[in-house]
Amino acid sequence: MSGYLIHRDWNFIRLVPAGTQTFTEDNVALGNRRYEVRAVDLGNRFSAPAKVTVTAGPVDNEPPTVP
């Protein structure tokens with residue numbers, strides 16, 4: 001199967017199918033998180049990793065107050 005390997009903080013999270021353009025992860029601990037994505041093809045060849053650091057913050061589910 002071809003797709004993308006997703007790692008967070010050096011731990012494997014999941015393989016998403018080729019053609020996937022977004023990735024959402026719920027219930028991530030607050031703070032800085034390091035994500036790494038590698039493409040993998042049908043021959044099990046891997047790309048160089050794409051790395052990004054993301055800061056996870058609290059989710060604001062409160063509606064705004066009426067002015």
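Strands S1 and S3 pair in the antiparallel sense over 6 bridges, where two strands are taken to pair if DSSP finds at least two bridges between them, and where strands (E, at least two residues) and helices (H or I, at least four residues) are DSSP runs numbered from the N terminus. Within this pairing, Leu5 has Arg38 of S3 as its bridge partner. The structure is a predicted model, for which local features need pLDDT of at least 70 and side-chain atom pairs count only at pLDDT 80 or more, whereas totals for chains, interfaces and linings use all residues. Residues are numbered from 1 along each chain as its sequence is written, and side-chain values use heavy atoms, with hydrogens and water left out.

S1 and S2 form a hairpin with 2 residues between them, and Asp9 in the turn has a positive phi of about 50°. The protein has 4 strands and 0 helices, and its elements follow the pattern β-β-β-β when read along the sequence.

With regard to overall dimensions, the radius of gyration of the protein, taken over C-alpha atoms, is 16 Å, whereas a compact globule of 67 residues would have a value near 11 Å by the globule rule of 2.2 Å times the number of residues to the power 0.38. The C-alpha atoms fill a box of roughly 60 × 20 × 15 Å along the principal axes. The accessible surface comes to about 5,400 Å², of which 54% belongs to carbon and sulfur atoms, as computed by the Shrake-Rupley method with a 1.4 Å probe. Of the 67 residues, 16% count as buried, a class defined by under 20% relative accessible area, with exposed meaning over 50% and partly exposed lying in between (1.4 Å probe, protein chains only). Among the contacts (heavy atoms within 4.5 Å) with a separation of 6 or more, 37% are accounted for by residues 24 or more positions apart.

Several residues of strand S3 (residues 31–40) illustrate these features, and Glu36 has its place in this strand. Glu36 counts as buried because its relative accessibility is 12%, and its side chain is joined to that of Arg34 by a polar contact of 3.1 Å. Such a contact is a pair of N or O atoms within 3.5 Å; within protein, one must be able to donate a hydrogen and the other to accept it, and residues adjacent in sequence count only if both atoms are side-chain atoms. When residues up to four places away in sequence are not counted, Glu36 touches Leu5, Ile6, His7, Pro49, Ala50 and Lys51.

Arg33, likewise found in strand S3, has a relative accessibility of 17% and therefore counts as buried. The side chain of Arg33 reaches the backbone oxygen of Ala29 at 3.3 Å, and, with neighbours within four places in sequence left aside, Arg33 is in contact with Arg8, Asp9, Val28, Val52, Thr53 and Val54. The C-alpha atoms of Arg33 and Gln21, which are 12 residues apart along the chain, are separated by 20 Å.

Ala39, also placed in strand S3, counts as partly exposed because its relative accessibility is 28%. Apart from its neighbours within four places in sequence, Ala39 is in contact with Gly3, Tyr4, Arg45, Phe46 and Ser47. Ala39 and Val66 are 27 residues apart in sequence, and their C-alpha atoms lie 47 Å apart in space.

The count of aromatic pairs comes to 1, under the rule that rings of Phe, Tyr and Trp (its six-membered ring) pair if their centres lie within 6.5 Å, planes under 30 degrees apart being stacked, over 60 edge-to-face and the rest tilted. The rings of Phe23 and Tyr35 have centres 6.5 Å apart and planes at 65°, so the pair is edge-to-face. Because Phe23 lies in the loop between strand S2 (11–17) and S3 while Tyr35 lies in strand S3, the pair ties together parts that are 12 residues apart in sequence. Phe23 counts as partly exposed at 27% relative accessibility, whereas Tyr35, at 13%, counts as buried.
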